[in-house]
Amino acid sequence: MSNVAVVVGAASNLGYQVLKQLVKVYKGKIYFTTEDETTGYNIYETFAKHAADLEYFRMDITYTKSIINFRHHMQDLDERIDLIINNTDYLPVEKNLTYAEKVRRTLSVNFYGYINFGKLIYPLLNENAKVINVSGPAGLLTTIENEAIRNRISDPTLTEDDLVAVLQDYEEAARKGVEKTEGWGLNVHAVSKVALNAVTFLQHREWSDKGVVINCVNPGNISSREGKKSSKVFENGANAILYLAFEAPLSLKGNFVWSNYNVISWNSDPYVEVTTV
């Protein structure tokens, strides 16, 4: 049975760079996904000549049926997964959205989507498979200003239902327009990345006894650079992700890894340049 890697969300600049580097070094089959089919086939045409076994699959992480279709495709081929790089991210760009709508759309991708994807796809993981969830600098716990909220999110006994309840409280605060006064922090993207990290740590606790290695990574402050001509910042971000995929020891698991490859405390100060902990 051949090795299988999956890159989720290959349409972004970062996802594109991850796939570009992966096809050069991975010895096995590579699946990549995008939401838009035309974009996916264009990416396939670019990289197919460089990869011995590359396959595109259209998938929307917020659409359960598309995830199930992907799972069934792999099951029909009797394939199991050795590596998942989940690069899915949502930044609101539509005009005239209410803040509550931005919150709903962002969390549907950056939080609920990761939960749903894990439930449906992780049962296909091999022992010692690696999962890398792409977070960001805003994923530091301390971007949430309210200490009581931080304690709820970081409780080591937290269940998935508990975490969903926390984020539903945030959605309710956003609908009422009181999320700032309640101390939820910077903005919805920051809250979603903190939630994504919390999901990662929950997944680690669930899957580590099965030999699965799950981490989240900050690839650098790239969100404001989407669309810029220089690709260097995205190449560097991809390097940090592929470090976790191929070079990091199996003992490095259930951690938040910074763009300089160092494991950092989730409680680190977001306003201080993090070097090492």
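Me: Where is the place of Asp78?

Reply: Asp78 sits in the loop between helix H3 (64–76) and S4. Helices (H or I, at least four residues) and strands (E, at least two) are DSSP runs, numbered from the N terminus. A word on the ground rules: residues are numbered from 1 along each chain as its sequence is written, and side-chain values use heavy atoms, with hydrogens and water left out. This is a predicted model, where local features need pLDDT of at least 70 and side-chain atom pairs count only at pLDDT 80 or more, while totals for chains, interfaces and linings use all residues.

Me: What makes Asp78 exposed?

Reply: Its relative accessible area is 54%. Exposed means over 50%, buried under 20%, and partly exposed in between (1.4 Å probe, protein chains only), so Asp78 with its 54% counts as exposed. Asp78 also has a positive phi of about 55°, although it is not a glycine.

Me: Why is Asn128 called partly exposed?

Reply: Asn128 has a relative accessible area of 41%, so it is partly exposed. Asn128 belongs to strand S5 (residues 125–134), and its phi is positive too, near 70°.

Me: Why is Thr88 called buried?

Reply: Thr88 counts as buried because its relative accessibility is 8%. It lies in the loop between strand S4 (81–86) and helix H4 (99–121).

Me: What makes a polar contact with the side chain of Thr88?

Reply: The side chain of Asn86 does, at 2.8 Å. A polar contact is a pair of N or O atoms within 3.5 Å; within protein, one must be able to donate a hydrogen and the other to accept it, and residues adjacent in sequence count only if both atoms are side-chain atoms. The distance of 2.8 Å therefore meets the limit of 3.5 Å. Not counting residues up to four places away in sequence, Thr88 touches residues including Val8, Ile61 and Tyr114; contact means heavy atoms within 4.5 Å.

Me: How do you know on which side of H5 its buried residues lie?

Reply: The buried residues of helix H5 (residues 147–154) are Ile149, Arg150 and Ile153. They cover an arc of only 100° around the axis, which puts them on the same side of H5. That arc is taken from the directions from the helix axis to the C-beta atoms. These buried residues pack against helix H6 (160–176) and H7.

Me: What is in the largest nonpolar core?

Reply: It has 59 residues, and among those with the most contacts inside it are Ile84, Phe111 and Leu163. Helix H7 (residues 188–207) gives the most to this core, with ten residues. A nonpolar core is a set of buried Ala, Val, Leu, Ile, Met, Phe, Trp, Tyr and Cys residues joined through side-chain atoms within 4.5 Å.

Me: Why is Val199 called buried?

Reply: Val199 has a relative accessible area of 2%, so it is buried. This residue is found in helix H7, and it touches Phe111, Tyr114, Ile115 and Leu163, leaving out residues up to four places away in sequence.

Me: How do you know that S2 and S3 pair?

Reply: Two strands pair if DSSP finds at least two bridges between them. Strand S2 (residues 29–34) and strand S3 (residues 54–58) have five bridges, in the parallel sense. One of the bridges joins Ile30 to Leu54 in S3.
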